[in-house]
Number of protein chains: 2
Amino acid sequence: MTERVVPAARKTYLQGARPDVRVPMREVPLTNGDVVVLYDTSGPYTDPARETDVRRGLPALREAWIAERGDTAPYAGRAVRPGDGGRGAPVREDVLPRRPRRATGGAVTQRAYARRGEITPEMEFAALREGAAPEFVRDELAAGRAVLPANVNHPESEPMVIGRNFLVKVNANIGNSAVASSVEDEVEKMTWATRWGADTVMDLSTGRDIHTTREWILRNSPVPVGTVPLYQAVEKVGGDPAELTYEVFRDTVIEQAEQGVDYMTVHAGVLLRYVPLTARRRTGIVSRGGSIMAAWCLAHHEENFLYTHFRELCEIFAAYDVTWSLGDGLRPGSIADANDEAQFAELRTQGELTRIAAEYGAQVMNEGPGHVPMDKIKENVDRQQEWCDGAPFYTLGPLTTDIAPGYDHITSAIGAAMIGWHGTAMLCYVTPKEHLGLPDREDVKAGVIAYKIAAHAADLAKGHPGARAWDDALSDARFGFRWEDQFNLSLDPDTARAFHDATLPAAPAKTAHFCSMCGPHFCSMKITRDVRRYAEERGLDGEAALGAGLREKAAEFRAAGGRLHLPLSPGGS
Amino acid sequence: MTERVVPAARKTYLQGARPDVRVPMREVPLTNGDVVVLYDTSGPYTDPARETDVRRGLPALREAWIAERGDTAPYAGRAVRPGDGGRGAPVREDVLPRRPRRATGGAVTQRAYARRGEITPEMEFAALREGAAPEFVRDELAAGRAVLPANVNHPESEPMVIGRNFLVKVNANIGNSAVASSVEDEVEKMTWATRWGADTVMDLSTGRDIHTTREWILRNSPVPVGTVPLYQAVEKVGGDPAELTYEVFRDTVIEQAEQGVDYMTVHAGVLLRYVPLTARRRTGIVSRGGSIMAAWCLAHHEENFLYTHFRELCEIFAAYDVTWSLGDGLRPGSIADANDEAQFAELRTQGELTRIAAEYGAQVMNEGPGHVPMDKIKENVDRQQEWCDGAPFYTLGPLTTDIAPGYDHITSAIGAAMIGWHGTAMLCYVTPKEHLGLPDREDVKAGVIAYKIAAHAADLAKGHPGARAWDDALSDARFGFRWEDQFNLSLDPDTARAFHDATLPAAPAKTAHFCSMCGPHFCSMKITRDVRRYAEERGLDGEAALGAGLREKAAEFRAAGGRLHLPLSPGGS
């Protein structure tokens with residue numbers, strides 16, 4: 001398992017009002033004595049003081065909080081069925097024995113508590129992580145402008161909040177497929193993704209051992225886990241969308257809610273009448289869930305059963321605190337199809353569903369595109385915010401061009417950064433393998449890093465308080481030739497260090513006051529520091545220069561010798 | 001040398017009005033019989049019908065055009081001097097014998113010709129590449145809204161145009177440093193960069209063999225070559241900025257102009273009174289040229305000699321058709337310093353210099369930042385366009401966050417795409433090694449690809465006519481499961497193919513109607529095609545669906561059996 005710690009970083013905890021609210025952070029000690037404290041998604045795996053064992057799962061951090069509220073009770077739970085593992089696959093029974101919980105009365109959602117004015121330990125925890133007031137987290141949840149995905153059956157998760165007024169979050173998709181990969185691979189991908197900063201993971205498994213893979217991911221995941229229950233449901237009916245029924249879907253939602261899935265993508269907005277709107281598209285329907293529901297609608301000539309049964313599903317979601325992630329089944333799959341009638345028709349229906357979910361106290365996010373050229377990105381957020389009452393927007397990219405398969409983490413990081421700036425709350429990553437194959441370990445890392453960049457660039461552009469402190473600390477280290485600090489403050493210290501060492505491998509180079517671009521005899525940053533020292537010694541700063549002061553200072557300078565010796569070149573004149 | 005051809009792509013030529021105007025393009029034949037023709041920067045190296053030999057250089061494509069104009073004449077040229085190679089290094093004399101040309105009368109710039117209403121073969125060539133009218137190219141050049149960098153001593157170059165009303169261009173920096181690399185390495189980096197789409201290269205060598213390295217790059221470069229003459233000038237005076245003189249600088253400009261450098265970065269806007277404005281910055285002056293001039297100004301307490309001698313330099317530039325690239329010596333080196341007083345003070349001076357250069361008929365670009373958060377990007381272009389009379393803007397990135405050393409091709413591709421959309425004409429690439437070390441071959445490729453993505457995303461967002469055809473062709477191939485076409489249309493076919501093969505290596509998989517994400521039993525694109533067929537068969541398109549037609553069609557459908565069989569799962573029900 002991934003248990004290594006970022007070089008030089010330490011695990012630290014922020015203490016909440018109650019003793020068991022201890023929020024993990026990453027502390028980076030600098031060589032100048034400063035300490036930079038960063039948000040940390042990596043869970044207990046990066047705390048050397050804690051032992052972890054994948055086959056036992058993580059400690060149930062939230063168990064007492066959930067139990068204390070007294071509004072849920074354990075019960076026998078749905079029995080595992082033969083089809084749960086995937087098509088034709090037996091269910092692997094090597095899971096830990098658990099009794100799931102569900103509400104004994106009304107909604108047990110963080111939103112319901114927030115509306116009653118309560119600040120739960122989960123809210124306090126998330127607030128401390130964000131550097132926000134617990135009351136602010138509560139108010140944003142109550143208003144539906146933020147969600148705190150926290151299924152009562154995933155007590156292992158470290159609470160976090162998703163909303164436009166908080167740090168922009170990143171989701172990493174993992175999951176096996178019919179073609180490749182295993183349970184162990186997927187659990188490892190989850191810990192690896194969170195190690196690099198994924199705020200949530202989605203398990204999109206469609207192959208064998210679906211149930212068991214998800215179980216192990218949940219028991220070991222310190223971050224909220226999302227799924228698309230439709231993927232498992234369609235496997236249960238042999239892979240034919242036409243054979244789907246609401247009953248099979250509902251059964252799958254309960255199966256997954258009992259396991260602890262924190263949020264579920266549901267394509268309830270793909271209405272029968274919208275499907276033909278895609279017929280003239282360049283790339284039709286590219287969402288897997290959207291395609292399944294479109295096929296079902298056409299096969300039966302009935303309205304989408306997810307839409308017609310939406311209220312019943314809201315009751316289930318509210319009984320476990322599963323957060324809605326209303327899917328965008330008609331999202332554009334190419335630049336040509338961006339912002340079209342089909343896409344926006346579904347978005348309007350997402351708005352209608354968002355309001356219905358609110359009646360039930362359920363938490364709601366809205367999913368968004370896809371492939372969108374830069375000039376059409378802002379319109380997506382503006383419409384979503386308006387039509388969906390400010391609910392958190394959760395977008396896939398968007399990719400800003402179709403011409404670079406193999407580099408879609410970059411084509412989409414551009415769109416993700418922009419849409420995050422304009423108000424998207426969570427960005428679903430895209431890996432370099434998008435459109436081409438299944439992401440491996442390196443692809444997962446590349447995708448997470450690209451999206452952490454996009455999310456942070458968005459935080460900066462939004463003027464999020466505190467976001468710039470990280471950039472400033474790193475720029476100071478760079479300017480001060482504190483190479484080790486520059487590496488340790490990087491999103492990816494390993495790569496930064498390796499790239500530096502590729503040109504200047506020797507250890508002394510890391511303390512040298514020059515870098516490989518300009519070499520030892522010349523360095524622009526060094527010159528600047530000399531200029532600064534010169535200016536400071538002589539009182540030449542911005543004000544002085546703009547005023548009449550400069551001329552006098554210049555005369556003074558000339559009187560003092562008139563030449564600044566820049567010790568750039570030991571052998572030079 | 002890099003002589004391999006993109007798999008399946010063919011070299012083709014667009015024929016101009018005169019027989020010797022033949023514009024190379026990349027033709028991608030598709031399996032459906034279509035042919036996609038793409039802009040091609042790779043020069044004769046990718047034409048199997050042509051032999052190339054680095055030690056003989058490329059054929060002098062433009063030689064006849066230049067000679068025919070009768071406004072230049074060959075002359076003996078400046079004799080090579082001992083200091084030309086770099087500090088303490090003898091000049092390697094293994095260069096081809098050449099006699100440089102210069103103007104015999106007035107300006108021999110493409111701008112001067114354009115102002116006289118002439119359409120040169122260079123303009124026609126560039127127009128064909130862009131799919132624009134030659135008159136339009138001429139008019140944009142005359143107005144100073146575009147440049148066509150084409151030194152009379154670099155007849156090997158294939159003419160191209162840089163301006164906001166043309167395709168967004170990408171520059172790749174190469175060049176050795178005091179620490180590492182050789183002549184052969186740099187020539188190889190140039191051909192490699194243009195192979196992936198670099199529209200120009202800048203030779204920023206600061207180490208040994210500066211003169212000879214540049215000579216070989218020029219003799220072999222099919223794209224315009226830029227330099228920062230100050231880098232060589234400071235080497236000539238032993239590396240101490242204080243020892244610089246206008247005479248040494250002027251001598252270096254002539255040396256490089258005679259070699260054929262097409263555009264030169266000159267930091268003439270770093271005025272003495274602006275230098276102290278940087279003293280309070282987080283990261284001071286990070287531009288190497290800016291630092292050198294700031295150091296010189298402070299050492300002598302005189303105004304920047306590049307500014308005070310600007311008119312004389314304009315005469316030299318106009319006599320060889322060297323394009324000005326007015327440097328941004330005070331560009332921000334961190335998010336904290338973006339859009340500050342020092343930066344914009346210099347930009348105003350760039351505007352003043354742009355107007356002076358116009359008096360001399362010289363071509364001018366303006367360089368821009370640097371490190372800028374997304375919310376401050378547009379202001380950079382808006383001010384530059386206003387203050388510099390619409391001259392082409394040429395920006396480095398900008399990087400949208402400082403926290404990701406090792407990934408600055410991504411942090412900056414975000415900013416580059418946005419600034420390109422808002423009107424920047426050329427984007428200077430940033431490689432993953434930025435801030436850390438010297439780019440190697442893989443870094444050059446990563447930087448160029450990231451920037452081709454940014455440039456194309458900008459073209460799309462600007463609505464450049466024709467830009468979307470590429471995306472559409474690739475999306476069609478993707479939707480039609482034409483895997484080979486999808487690879488061949490990619491910015492990087494090798495990587496796209498390798499990524500696909502990593503999951504599904506077998507050859508049949510490339511013709512299979514499924515991909516590795518969903519496996520053989522299920523595919524959203526396949527479902528969509530079925531939906532489309534269904535809708536088309538029944539006349540269900542957008543209009544019908546929105547109107548009253550749907551209900552009738554549905555009844556019709558039910559009468560006809562009411563069930564659409566989707567052949568998704570051969571073994572399923």
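Reader: How far apart in space are A:Leu204 and A:Ala450?

Author: This is a predicted model, in which local features need pLDDT of at least 70 and side-chain atom pairs count only at pLDDT 80 or more, while totals for chains, interfaces and linings use all residues. Residues are numbered from 1 along each chain as its sequence is written, chains are lettered from A and ligands numbered from 1 in the order written, and side-chain values use heavy atoms, without hydrogens and water. A:Leu204 touches A:Val228 and A:Tyr231, among others (contact means heavy atoms within 4.5 Å), not counting residues up to four places away in sequence. Between A:Leu204 and A:Ala450 there are 246 residues in sequence, and the C-alpha to C-alpha separation is 21 Å.

Reader: What share of the residues of chain A count as buried?

Author: The secondary structure of chain A comprises 21 helices and 15 strands. Among its contacts between residues at least 6 apart in sequence, 74% join residues at least 24 apart. Buried means under 20% relative accessible area, exposed over 50%, and partly exposed in between (1.4 Å probe, protein chains only). Of the 573 residues of chain A, the buried share is 68%.

Reader: Is A:Ser325 buried or exposed?

Author: A:Ser325 is placed in strand β12 (residues 323–326) of chain A. Leaving out residues up to four places away in sequence, A:Ser325 touches A:Tyr263, A:Thr265 and A:Tyr394, among others. Its relative accessible area is 0%, so A:Ser325 is buried.

Reader: Why are α11(A) and α12(A) described as they are in orientation to each other?

Author: Two packed helices are described by the angle between their axes and the distance between the axes. The axes of α11 (residues 310–320) and α12 (residues 341–359) of chain A come within 9 Å and cross at roughly 50°, where axes are lines fitted to C-alpha atoms, for helices over the stretch in contact, and angles run from 0 to 180 degrees between N-to-C directions. Angles under 35 degrees count as roughly parallel, over 145 as roughly antiparallel, 65 to 115 as roughly perpendicular and the rest as oblique. The pair α11(A) and α12(A) is therefore oblique.

Reader: How do the residues of the contact of α11(A) with α12(A) divide?

Author: The contact is made by A:Phe310, A:Arg311 and A:Cys314 of α11(A) and by A:Leu353, A:Ile356, A:Ala357 and A:Glu359 of α12(A). Ala, Val, Leu, Ile, Met, Phe, Trp, Tyr, Cys and Pro count as nonpolar, Asp, Glu, Lys and Arg as charged, and the others, Gly among them, as polar. The division is five nonpolar, no polar and two charged.

Reader: How are α8(B) and α11(B) oriented to each other?

Author: α8(B) and α11(B) (residues 310–320) pack with their axes 10 Å apart, at an angle of about 10°. That angle makes the orientation of α8(B) and α11(B) roughly parallel.

Reader: How many residues of helix α6 of chain B are buried?

Author: The buried residues of α6(B) pack against several elements of chain B, including β8 (169–174), α5 (183–195) and α8 (246–259). Among these buried residues are B:Trp216 and B:Arg219. Helix α6 (residues 210–220) of chain B is mostly covered, the count of buried residues out of eleven being eleven.

Reader: What is the relative accessible area of B:His267?

Author: B:His267 lies in the loop between β11 (263–266) and α9 (288–300) of chain B. Beyond four places in sequence, B:His267 is in contact with residues including B:Met293, B:Asn304 and B:Asp328. B:His267 is buried, its relative accessible area being 4%.

Reader: What is the omega of the peptide bond from A:Pro369 to A:Gly370?

Author: A:Gly370 is placed in the loop between β13 (364–368) and α13 (377–387) of chain A. The peptide bond from A:Pro369 to A:Gly370 is cis, with omega near 5°.

Reader: What is the phi of B:Asp389?

Author: B:Asp389 lies in the loop between α13 and β14 of chain B. With a relative accessible area of 43%, B:Asp389 is partly exposed. B:Asp389 is a residue other than glycine, yet its phi is positive, near 55°.

Technical notes
Helices (H or I, at least four residues) and strands (E, at least two) are DSSP runs, numbered from the N terminus.
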